[in-house]
Amino acid sequence: MTSSTTLAVALVSGGLDSMVAAARAREDGHRLLALSVDYNQRHRLELAAARRIAKLLGAERHIVLPLDLSEFGGSALTSDIAVPKTGVGEGIPVTYVPARNTIFLSLALGWAEAAGARDLYIGVNALDYSGYPDCRPEFIAEFEKLAEVATKAGVEGQPFRIHAPLQHMTKADIVREAARLGLDAGISWSCYDPAPGGVHCGLCDSCRLRAKGFEEAGVPDPTRYAEFY
């Protein structure tokens with residue numbers, strides 16, 4: 001593959017979902033550009049994981065783009081709001097970062113157009129997740145429509161495709177997909193609020209969903225948790 005049209009931009013946060021989505025881009029035959037956003041999130045461990053994942057998948061380039069969303073606040077991940085540890089509840093939790101996936105996909109779209117890529121990959125899913133509105137199928141579909149009218153490439157008849165290959169998977173399905181792809185899930189990072197020693201807390205929504213996924217998939221969980229829910 002030598003044509004730039006076979007490039008894909010994958011959003012790589014450092015989490016299991018984004019790792020699997022980026023690996024699917026490779027499996028689909030694309031050369032990989034990996035984009036991570038340093039938005040001054042609560043900890044740096046997920047960015048270290050993103051670097052490991054980009055290297056593992058052989059990304060031709062990995063950009064860690066600084067964009068300080070803590071200036072806006074409004075989320076437990078970007079301000080001094082406690083991360084919930086009592087279980088996945090109803091409604092949109094305080095770990096929601098306002099418009100995060102809209103911002104991230106916009107950045108990925110800009111890089112894709114500049115690089116000549118027409119495929120973007122994002123690891124959202126709408127089954128076992130925390131209820132974020134920007135993980136839902138209707139958001140992905142509408143953003144793809146937006147890309148068609150918001151870019152030079154789109155209005156000139158070169159539409160972008162937004163791939164969310166995990167959209168309708170449970171977390172157990174995603175764990176099985178990681179195993180099928182031969183990925184080392186242990187290099188990914190999911191926890192919102194790491195415990196001392198740099199291990200997963202085991203109690204935040206993301207840890208609970210991760211542990212539940214491995215358990216239901218019947219796949220050994222390589223994650224080190226400080227506590228178990």
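A nonpolar core, as the term is used here, is a set of buried Ala, Val, Leu, Ile, Met, Phe, Trp, Tyr and Cys residues joined through side-chain atoms within 4.5 Å; buried means under 20% relative accessible area with a 1.4 Å probe, protein chains only. The model is predicted, so local features need pLDDT of at least 70 and side-chain atom pairs count only at pLDDT 80 or more, while totals for chains, interfaces and linings use all residues. Residues are numbered from 1 along each chain as its sequence is written, and side-chain values use heavy atoms, without hydrogens or water.

I now come to the cores. The largest nonpolar core has 43 residues, of which V9, L105, L120, I122 and I140 touch the most other members. Two or more residues each come from β1, β2 and the helices (DSSP runs of H or I, at least four residues) α3 (100–115), α4 (137–150) and α7 (205–217). Helix α3 gives the largest share, 6 residues. A separate core of 27 residues includes A8, A34, A178 and L183.

Finally, consider V9. Beyond its neighbours within four places in sequence, V9 is in contact (heavy atoms within 4.5 Å) with L33, L35, A108, W111, A112, A117, D119, L120 and Y121.

How values were computed: Buried means under 20% relative accessible area, exposed over 50%, partly exposed in between (1.4 Å probe, protein chains only).
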